[in-house]
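Biologist: Can you load the model? I'd like to go through its contacts with you.

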Amino acid sequence: MPRSPMAAPRSFLWSRRVVLTLLTGFVLLPVYVMVSSSLKPLEDVSEKFRWLPSGLTIRPYIDIWDTVPLAKYFVNSLVVAGAATVCSVVVAVFAAYAVSRYRFRGKRVFTVTVLSTQMFPGILFLLPLFLLYVNIGNATGIALFGSRGGLVLTYLTFSLPFSIWMLVGYFESVPRDLDEAAMVDGCGPLGALFRVVVPAAVPGIVAVAVYAFMTAWGEVLFASVMTNDTTRTLAVGLQGYATQNDVYWNQIMAASLVVSVPVVAGFLLLQRYLVAGLTAGAVK
Amino acid sequence: MRTFRAAACAATAASLLAATTACGGGSPTGGGGSNDKPETLTYWASNQGPNLEADKKILTPELKKFEKRTGIKVELEVIPWSDLLNRIVTATTSGQGPDVLNIGNTWSASLQATGALMPWDDKAFEKVGGRDRFVESALGSTGATGSDPAAVPLYSMAYALYYNKKMFADAGIDGPPATWDELVADGKKLSRDGKWALGAEGSNLSNNIHQVFVLGKQHGADFFDSRGEPDFTSDGAVAAVKSYVDLMAEAKIIAPGNSEYAQNQSLGDFAKNKTAMVLWQAAASTFESQGMKEDEWGVAPVPVRSGAPGPGTSVNSMVAGINMAVFQNTDNLDGAVKFVEFMTSDEEQKILCSAFGSIPPVKSAQRDPAFDRPELEVLRKTLAESAAPLPQVPDESQFETTVGTAVKNLFAAAATGREVTTETVRAELVEAEQQMTKQ
Amino acid sequence: MTTTAAPAGGKRTLRKDTPGAARGPRRRPGRLRRAGLPYLLLLPALALEILVHLVPIVTGIAMSFKQLTQFYLRDWGAAPWSGLDNYELAVDFDAPVGAALLQSFFVTCAFTVLSVGLCWLIGTAAAVYMQETFAGRGILRALFLVPYALPVYTAVITWVFMFQRDNGLVNHVLHEQLGLTDGHPFWLLGGNSFVALLTVSVWKGWPFAFLFIMAGLQNIPKELYEAASLDGAGMWQQVRRITLPSLRPVNQVLVLVLFLWTFNDFNMPFVMFGEAAPEAANLISVHIYQSSFVTWNFGTGSAMSVLLLLFLLLVTGLYLLFTSRERKAAHA
């Protein structure tokens, strides 16, 4: 959108051109390496770097499925990240609604505590969390450790603080008159939430969902300890390409691309919402 | 101020929680195992073949065979090395682990100290055919001396010198070196035109440990004293570490780039005729998968300082290998022992060791003609005559980390042209030793 | 499964409350003081936070007072209490363990400051330059977000591939194509590893700053610019007098969030260097991992983590105190 009626001076235009070009190069370089290496034969990637492949091959894209059970890991990641996202959004919407619309005792303690969890070093609670899941499993028979469920629970909580905080901001930008009008029409507070606030906050909710999904999709530490053969996610599974024999860089790059494409594509499709969500939510 | 009050409230709430959870800590991991679930077993296998899937393909038919014979269904999980120790640690802490598992034999004493593994007393050994079935050196890597082994040897390996026949011929060298001096002399002839004499994995901590441990033996140094206390800074240990790093720093027969290798890149270089020698354990299948033909490489014992390989200061390999352990709180104790018996039977040893390119630690299986290849002949002889187990102390994994890192740092220094002197080596080792926490 | 229990609980509250609400319109929702409802709404979030964050963290703190080595792993409740021993070991900076921790702490501080600073700087520059429409702006914006969207491990793996000494792109360009270096420097070993880690961190992190600031820019009222340009302020002056000051509250949040995420980040250094990071890039989270998981001393590792947590609490507290005071002063 045009910001001012004044034409930008030349110095501004030039520096813009330079800075943005450099940035484009910086951003694209690894992307180019990823794409081109994934199409190279193995000799090319285990020898001196070359900008252009000596020959193009789609072999890596065929081989990746056999070297490690990529499809299985993919499904696991999708299930875990998907479920964590949905749950995280639902839980965050409830919590954010409470924080933004009500005054209650302990509100401040709640927000401060939730936000302070962002400071917790993952290492400190990896082993305790694992113990807790096992103890819950022993006591109730609910398998949390090693199951996708346990991982979903963990990841959903990881993204919760930032999500709640962002949604509180967003909900506060939704005029209270709207809730009120809905209440006049006979909705309860939750009716107002679902019929009025949530629809008005779609960009914020999408932003939160994207954040939750990416948190779950990229986590390595907890996944490496809490999953097993059947529940292993991509973050851990990709290590399988550095095998006993050799590092199949072309396959690693092909697999990296394959696992990145869905997230990147989804992210880019939703990026408009993301900016809008942040605009009204976090950065007011 | 309100923030602080809120934080104080949170802290109070947290400490209340502490009171409730601290009592419930730990896990109810009773004494020994039981036989509550006699039909199934969970087995964690280490990654022995080229990749996880290949291992599964090799093991699955054998497990089927076991099921047919005993009716016990084995759930297999092949765990990558990067995760294996963490998985075992968490399993130990929680008591929720497999029934049977593979461990690197160097971890035996460390894991034994946790009490998570079933001790193999004579009675237990009887059930798998008795101690005598196993090679002595392999049994030496199953736990602290003087206590019942924590595991049973499953696959054995030793280090050998693999060399590229054509590169040797081109440099006018008749045969593989038998001493380090010869290796350096040959190496100087081989290192030219962008090719290098020897490969190393400078950033691979375990590999560094394996090499300097053997050199330590050759310099009359152990890294632990008789009481199991770390002793990294003896003159022998310093000389041993220095002699290894000097292959790059002084003799310049290892490519500087090797100091960042940690994923077996040195084997790739060897297969591509870029380096003429590697010190490795059972590398045949890797060379094959990289397109190097069997007649292109030769194999010889790892060099010693002088004379021929043997015990004492002529040790030229660690006892490498995989052990099989039974998790203390298995719910299928009899089945687990039966499974170990099955896996260490002559028949399975032949099948599995041939598939993974290792040597059976079971004497009778070793005699099988399948293991008569020249490569395995060298490895077998080394294992029987001139291999020593890594220190069987609970601190072994710390030793690998601290000293392995010291060697890695020294390689990095050598590669970037910094001087590697006795003093710098000693300084690194002093630091490593100080980082060993007192138990 | 339990994972669905939380939201299901939430839905139950919905059903329970709807009939009550049907009784008729009430006062403004902002003042609504149906005491139970907010707590019910918070319940799932609270339960999860307690389960996954608070209880484990408290357990972790308890562990830091224990002598939790491999001998007690099986039943850590039975590990002897060791009082402050673990802490004394961790902060004894004359002894090697403490010295290593301190070194790692300083490396992490330097790394975090540089990474956050660069992410912020690049993000701000890009956002300000892209505030106005121009041809290709949409595409460029999408492109800039790609690093942020990529999973950490794929980004790091690709950079590691590029940073290899002998076969990597970086040395190929620096040495063979530009001739800037004598020979091939190492990027994953020694002092340069800090630069390598920083590069990856900035590459991956700046788009978040960009996104955040771009959102912040949208909230600046256009009238401000119009008024300024009527006053004859040029483009650069507008940026300096309107854009940057208006972004201050946004920056306050952004810098804090980036700081905490970067300081605590484990995934990136771990995927990049594994268990034994070079000294120059020995970030504290991996250092603590090494002190607990790799060397089997969970008590000491926990103590170090608690110290880290205290440090972050202190920094955050001071930061919030300082910035909010500044803000109040600005308002006054």
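Predicted model: local features only at pLDDT ≥ 70, side-chain atom pairs only at ≥ 80, totals over all residues.

Biologist: Start with chains A and C. How many residues does the contact take from each?

Modeller: The contact takes 101 residues from chain A and 102 residues from chain C.

Biologist: Which helix gives the most on the side of chain A?

Modeller: Helix 13 of chain A, residues 249-280, with 15 residues.

Biologist: And by class, what is on that side of chain A?

Modeller: The side of chain A that touches chain C has 72 nonpolar residues, 19 polar and 10 charged.

Biologist: Now chain C against chain B. How many residues from each?

Modeller: There, 34 residues come from chain C and 38 residues from chain B.

Biologist: Which helices of chain C supply at least two residues each?

Modeller: Helix 2 (36-63), helix 4 (96-129), helix 13 (284-294) and helix 14 (298-331) of chain C. Helix 2 of chain C gives the most, six residues. By class, this side of chain C has 21 nonpolar, nine polar and four charged residues.

Biologist: Switching topic. How is chain B divided?

Modeller: Into domain 1 (40-156 + 319-388) and domain 2 (159-318 + 395-434). The C-alpha centres of these domains of chain B lie 27 Å apart.

Biologist: How many residues are in contact between them?

Modeller: In chain B, 18 residues of domain 1 are in contact with 21 residues of domain 2. On the domain 1 side, helix 16 of chain B has the largest share, six residues. By class, that side has 10 nonpolar, six polar and two charged residues.

Key
Residues numbered from 1 in each chain as written. Chains lettered and ligands numbered in written order. Contact = placed C-beta atoms within 7 Å. Helix = DSSP H or I, 4+ residues; strand = E, 2+ residues; numbered from the N terminus. Nonpolar A, V, L, I, M, F, W, Y, C, P; charged D, E, K, R; others polar. Domains from an automatic or database assignment.
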